Amino acid sequence: MKKLNEKEEQIMQIIWRMGKAFVREIMDELDDPQLPVTTISSLVRKLEAEGWLDHDSFGKTHRYYPLISMEAYRKATMSQMKENYFAGSATELLSYFLREENTDLSEIERLLEEIKKSESK
């Protein structure tokens with residue numbers, strides 16, 4: 001799965017959160033100060049051409065919705081990160097985040113409980 005650039009990912013985050021969105025709604029949600037509507041439209045059309053989005057037509061207006069779930073993108077991105085930066089080791093990846101985020105012991109214990117629950121299923 002292709003990695004999205006920063007603007008593409010911002011747009012996808014908005015559409016994932018909203019479920020469906022018109023370009024104007026996407027613009028209203030963006031943090032970037034006043035990107036031109038043509039820029040947003042171009043990015044959305046590019047995402048659609050690459051298979052990330054599809055749309056419903058309302059006359060000349062389009063409401064876009066995701067074809068790829070946030071979960072699928074997250075899984076692919078984290079898998080790529082694990083392979084590229086942690087030699088494929090989930091242990092190395094997790095320990096890195098636990099160290100870097102100064103994770104509280106209670107959070108680690110909660111994580112262990114979740115792992116135990118998922119193993120017993």
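Two strands are said to pair if DSSP finds at least two bridges between them, and helices (H or I, at least four residues) and strands (E, at least two) are DSSP runs, numbered from the N terminus. The structure described here is a predicted model, in which local features need pLDDT of at least 70 and side-chain atom pairs count only at pLDDT 80 or more, while totals for chains, interfaces and linings use all residues. Residues are numbered from 1 along each chain as its sequence is written, and side-chain values use heavy atoms, with hydrogens and water left out.

We can start with the overall layout. The protein has six helices and three strands, which follow one another from the N terminus in the order α-β-α-α-β-β-α-α-α. Its C-alpha trace spans about 55 × 35 × 25 Å along the principal axes. The radius of gyration is 19 Å, whereas a compact globule of 121 residues would have a value near 14 Å; the radius is taken over C-alpha atoms, and the globule rule is 2.2 Å times the number of residues to the power 0.38. Of the 121 residues, 22% count as buried, where buried means under 20% relative accessible area, exposed over 50%, and partly exposed in between (1.4 Å probe, protein chains only). The accessible surface comes to about 8,600 Å², and carbon and sulfur atoms hold 52% of this area; areas come from the Shrake-Rupley method with a 1.4 Å probe, and for residues only the protein chains shown count as cover. Among contacts (heavy atoms within 4.5 Å) with a separation of 6 or more, 46% are made by residues 24 or more positions apart.

Next comes the sheet. Strands of a sheet pair through backbone hydrogen bonds, either parallel or antiparallel. Here three strands form an open sheet in the order β1-β3-β2, with antiparallel pairing. β1 and β2 stand at the edges with a single partner strand each, so one side of each has no neighbour in the sheet. Strand β1 (residues 21-22) is joined to β3 (residues 61-66) by two bridges: alanine 21 is partnered by tyrosine 64, and phenylalanine 22 by arginine 63. Strand β2 (residues 53-58) pairs with β3 over six bridges, and leucine 53 has proline 66 as its bridge partner. β2 and β3 form a hairpin with two residues between them, and glycine 59 in the turn has a positive phi of about 65 degrees.

Two residues of helix α1 are worth a look. Glutamate 8 sits in this helix (residues 6-18) and counts as buried because its relative accessibility is 0%. Leaving aside residues up to four places away in sequence, glutamate 8 touches Lys2, Leu43, Lys46, Leu47 and Glu50. Methionine 18, also in helix α1, counts as partly exposed because its relative accessibility is 33%. Methionine 18 and tyrosine 65 are 47 residues apart in sequence, and their C-alpha atoms are 8.8 Å apart in space.

Finally, the surface carries a nonpolar patch formed by Leu94, Leu111, Leu112 and Ile115, with about 300 Å² of accessible area together. Patches are made of residues with over 30% relative accessible area and no salt bridge, with like charges joined within 9 Å and nonpolar side chains (Val, Leu, Ile, Met, Phe, Trp, Tyr) within 5 Å; a salt bridge is a side-chain nitrogen of Lys or Arg within 4 Å of a carboxyl oxygen of Asp or Glu. Helix α6 (residues 105-119) gives the most to the patch, with three residues. Leucine 94 lies in helix α5 (residues 90-100) and, at 43% relative accessibility, counts as partly exposed.
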